[in-house]
Amino acid sequence: MRRSQIALVLLFFALVSACSSGTADPGAEGPGIDVIDVSGPLDSLALEFILSAIEDAARADQELAVIQVNSRAVLDQRLLIQLMDTLRNPPLPVAVWLGPAPAVAYGGVAELVFEAPVSAAAPGSMMGRFSPLVAGEPESRDGGPDDVVDVEELDIELQPTIRQYLQSLDGTTFETAAGEVTISTLREFAQGGVEGVTLRTPTFRKPPLSTRFFRLAAAPEAAFFFLVVGLTLVTFEYYALGPGVAAGVAAISLWLGGWGIVNLPVRPWALAVGIGGWALLTTAYQRGGVFGLTVVGAGFLQVGGMFFVEGSGQIDPRWWLVLPSVLAALFFFLLAMPTVQRSRLSTQTIGREKLVGAVGTATSSFNPNGMVSVNGAIWRATAHREAGLANGTPIVVSGVDGLFLEVEPADPIIEKPEK
């Protein structure tokens with residue numbers, strides 16, 4: 001491994017370490033306050049982070065831990081139950097705040113805010129759709145509004161900002177595993193001859209960089225986007241570039257898309273429709289850009305994305321956020337790949353004069369356009385309708401017409417009999 005590569009690896013791990021959650025240093029002002037800030041669907045990684053952050057705060061003898069949430073759904077029932085049990089018998093005082101506005105809490109997230117022993121919400125936030133607790137699961141709760149309502153219509157304390165909420169908690173008594181604990185979120189100060197009371201400095205804890213990287217695919221539209229981009233780049237690499245940077249991006253995109261598929265309540269038929277749309281776009285490109293197949297393929301992608309996840313009204317994909325995935329695929333198939341191929345045909349090493357007379361093999365059936373392999377590279381080609389070229393037929397390049405190679409069947413090699 002070269003020195004530059006080693007340096008990049010060390011930099012990556014340094015960033016992961018710097019962005020990871022740690023325990024707070026109480027410092028001179030005594031025990032502090034940890035604000036555990038998590039947004040987006042509460043998948044297994046997010047719930048594990050919240051649980052570990054509460055444990056870290058308890059080990060550091062912090063005064064208070066506050067879970068700040070803004071999420072439409074919970075994706076892991078086992079860890080949700082574990083978190084609810086922790087809130088009922090916490091190792092240190094723990095409160096929950098829904099915010100900042102406009103924040104939302106549906107399903108298990110609404111349960112978390114509504115049932116926590118100590119909780120509040122920012123005015124203008126929305127709650128509801130209490131069932132199911134976990135998106136995609138059967139109905140799992142009786143009670144609570146099925147529709148989304150403003151928190152001002154619910155029996156929950158309103159606190160506009162996290163600082164105001166922390167100030168309001170001063171002197172509150174919490175039930176913990178060690179018994180009742182009365183907290184102090186304010187401290188006295190004296191500076192420049194001025195004395196007063198101020199809020200203890202809160203420390204905001206966010207998931208580490210590695211967790212946030214995987215959680216990029218926690219939303220259904222994002223997971224579908226990574227899946228479509230990954231599949232499209234695979235085609236892009238195969239037909240236009242060969243192994244390169246796009247292959248690495250495709251691998252990362254498919255990795256994230258696959259992670260989303262595993263963790264989200266994906267509809268199998270919608271996934272199949274989306275992959276079918278990609279296959280139709282690939283076929284249209286192979287045949288020289290058949291307009292009808294392109295339109296149908298784009299439609300399949302849009303439909304597959306819109307119904308990608310069984311969101312239970314909580315994280316259902318929104319069509320306007322699925323549309324960028326379809327447009328990205330169309331960009332690659334209609335603009336990027338033809339442009340790259342045009343560039344390749346214009347190079348001196350693989351110019352027109354170099355290709356004419358070269359022999360190769362058809363990699364698809366021609367009608368009248370198709371794909372051929374010449375000198376180890378894949379090219380778009382066209383042939384006479386009566387040529388009857390099928391997949392595997394030997395061909396010879398007879399000319400170049402724009403982005404297409406003109407090909408015809410290669411003359412069979414006739415072996416001379418031995419004398």
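Which hand does the crossing of H9 and H10 have? The crossing of H9 and H10 is left-handed, a reading that applies to a predicted model. Two packed helices are described by the angle between their axes and the distance between the axes. For helix H9, which covers residues 268-286, and H10, the angle is about 160° and the axes lie 7 Å apart. Since angles over 145 degrees count as roughly antiparallel, H9 and H10 are therefore roughly antiparallel to each other. On the H9 side the contact is made by Ala270, Val273, Gly274, Gly276, Gly277, Trp278, Leu280, Leu281, Thr283 and Ala284, while H10 contributes Leu293, Thr294, Val296, Gly297, Ala298, Phe300, Leu301, Val303 and Gly304.

Val303 of H10, which takes part in that contact, also belongs to a nonpolar patch on the surface. Helix H10 (291-306) and helix H11 (319-345) are the elements that give two or more residues to the nonpolar patch. H11 gives the most, with five residues, and Leu327 is placed in helix H11.

Helix H2, made of residues 44-59, packs against helix H3, made of residues 77-88, at an angle of about 25° and with the axes 10 Å apart. Because angles under 35 degrees count as roughly parallel, H2 and H3 are therefore roughly parallel to each other, and the crossing of H2 and H3 is left-handed. In this pair, Ser44, Leu47, Glu48, Ile50, Leu51 and Ile54 in H2 meet Leu79, Leu80, Gln82, Leu83 and Thr86 in H3.

H3 also packs against helix H4 (residues 107-115), here at an angle of about 5° and with the axes 11 Å apart, and H3 and H4 are therefore roughly parallel to each other. Leu80, Leu83, Met84 and Leu87 in H3 meet Gly108, Glu111, Leu112 and Glu115 in H4.

What of the charged side chains? Side chains of opposite charge can pair when their charged atoms come close. The structure holds seven salt bridges, and one of them joins the side chains of Arg205 and Asp34, with a distance of 3.9 Å from N to O. This pair links distant parts of the chain, with Arg205 in strand E13 (residues 202-205) and Asp34 in strand E1 (residues 33-39), 171 residues apart.

The backbone itself has some features to note. Most residues other than glycine have a negative phi, and most peptide bonds are trans. In this model the peptide bond from Gly99 to Pro100 is cis, with omega near -5°, and Pro100 is placed in the loop between strand E3 (94-98) and strand E4 (104-106). The peptide bond from Ser131 to Pro132 is likewise cis, with omega near 0°, and Pro132 is found in the loop between strand E6 (126-128) and strand E7 (149-150). Arg129 is also in the loop between E6 and E7, where Arg129 has a positive phi of about 50° although it is not a glycine.

Note on methods
Residues numbered from 1 in each chain as written. Predicted model: local features only at pLDDT ≥ 70, side-chain atom pairs only at ≥ 80, totals over all residues. Heavy atoms only, no water. Patch = residues over 30% accessible without salt bridge, like charges linked within 9 Å, V, L, I, M, F, W, Y side chains within 5 Å. Areas by Shrake-Rupley, 256 points an atom, 1.4 Å probe, with all protein chains shown as cover. Salt bridge = Lys/Arg side-chain N within 4 Å of Asp/Glu carboxyl O. Helix = DSSP H or I, 4+ residues; strand = E, 2+ residues; numbered from the N terminus. Axes fitted to C-alpha atoms, helices over the stretch in contact; angles between N-to-C directions. Parallel < 35°, antiparallel > 145°, perpendicular 65-115°, else oblique. Left-handed = near helix turned anticlockwise from the far one by under 90°. Contact = heavy atoms within 4.5 Å.
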